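The sequence and structure come first, followed by the text.

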Amino acid sequence: MRLSLKTMGTLALGGALAASLLSAPAASAAPAAALPGCPAPRTANVDHGTGVMKGTFNLKTAPYAACGNVARLRAGQVLYFHCWTLNRYGKHWVYARVKGTRTYGWMSLDNLRSVKNSRPTFCPGEDHRSEG
C-alpha cells in the first residue's frame with residue numbers, strides 16, 4: 001500500500017495530537033493548591049468583615065499569585081471574609097466567599113479597595129502577632 005505525502009503528514013499530526021492529549025491529564029491531575037509552593041492554611045469562618053474588589057483579579061486556590069484560579073472576579077464584587085494569613089512573601093491574604101455565590105478562595109489584600117467590619121483574624125494554626 002502506497003501512502004501519499006499528505007496522508008502520511010496527516011497521520012503523523014494525528015499521532016502527535018493523540019500523544020499530547022493522553023499525557024496531558026497526568027501533568028494536570030493534581031489540583032493547584034496541592035502543587036509544591038501552593039500551601040493553603042486550614043480555614044474557619046472567624047472574621048465577619050467584607051471587602052470590595054478594586055479591579056479584576058483571580059480568586060486563588062491558595063494565598064500565592066502563582067497558585068491555581070478558582071474564579072475571575074471583577075471590580076465592585078463583594079467578598080465575605082472567613083480568615084486571614086500572611087504568606088511567605090509578607091503579603092496578607094483573606095479566605096473568603098464571593099457574595100451571592102458558594103464560591104470560596106483566597107484574595108490578596110492588595111486587590112481590595114474597601115475593607116469593613118474586619119478585625120483580621122488569622123486562620124487556625126496561623127499566629128502572626130509578632131510579625132509586622
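Does Val-78 count as buried, exposed or partly exposed, and at what relative accessibility? At 22% relative accessibility, Val-78 counts as partly exposed, where buried means under 20% relative accessible area, exposed over 50% and partly exposed in between, with a 1.4 Å probe and protein chains only.

The model is predicted, so that local features need pLDDT of at least 70 and side-chain atom pairs count only at pLDDT 80 or more, while totals for chains, interfaces and linings use all residues. Residues are numbered from 1 along each chain as its sequence is written, and side-chain values use heavy atoms, with hydrogens and water left out.

Val-78 belongs to strand 4; strands (E, at least two residues) and helices (H or I, at least four) are DSSP runs numbered from the N terminus. Leaving aside residues up to four places away in sequence, Val-78 touches Thr-50, Gly-51, Val-52, Arg-97, Val-98 and Lys-99, contact being heavy atoms within 4.5 Å. The C-alpha atoms of Val-78 and Gly-51 are separated by 5.6 Å, although the two residues are 27 apart along the chain.

Two disulfides are present, each defined as a pair of cysteine sulfur atoms within 2.5 Å.

| Disulfide | S to S distance |
|---|---|
| Cys-38 to Cys-67 | 2.2 Å |
| Cys-83 to Cys-123 | 2.0 Å |

The torsion about the S-S bond of Cys-38 and Cys-67 is about -115 degrees, so this disulfide is left-handed. Cys-38 lies in the loop between helix 1 (5–28) and strand 1 (50–53), and Cys-67 in the loop between strand 2 and strand 3, 29 residues apart. Cys-38 and Cys-67 are both buried. The link of Cys-83 and Cys-123 is right-handed, with 85 degrees about the S-S bond. Because Cys-83 is in strand 4 and Cys-123 in the segment after strand 7 (112–116), the pair ties together parts 40 residues apart in sequence. Cys-83 is buried at 0% relative accessible area, and Cys-123 is buried at 1%.

There are four aromatic pairs; rings of Phe, Tyr and Trp (its six-membered ring) pair if their centres lie within 6.5 Å, and planes under 30 degrees apart count as stacked, over 60 as edge-to-face and the rest as tilted. The Tyr-64 and Tyr-89 rings have centres 5.9 Å apart and planes at 80 degrees, so the pair is edge-to-face. Tyr-64 is buried at 9% relative accessibility, whereas Tyr-89 is exposed at 61%. Phe-81 and Trp-84 also pair edge-to-face, 5.3 Å centre to centre with 75 degrees between the planes.
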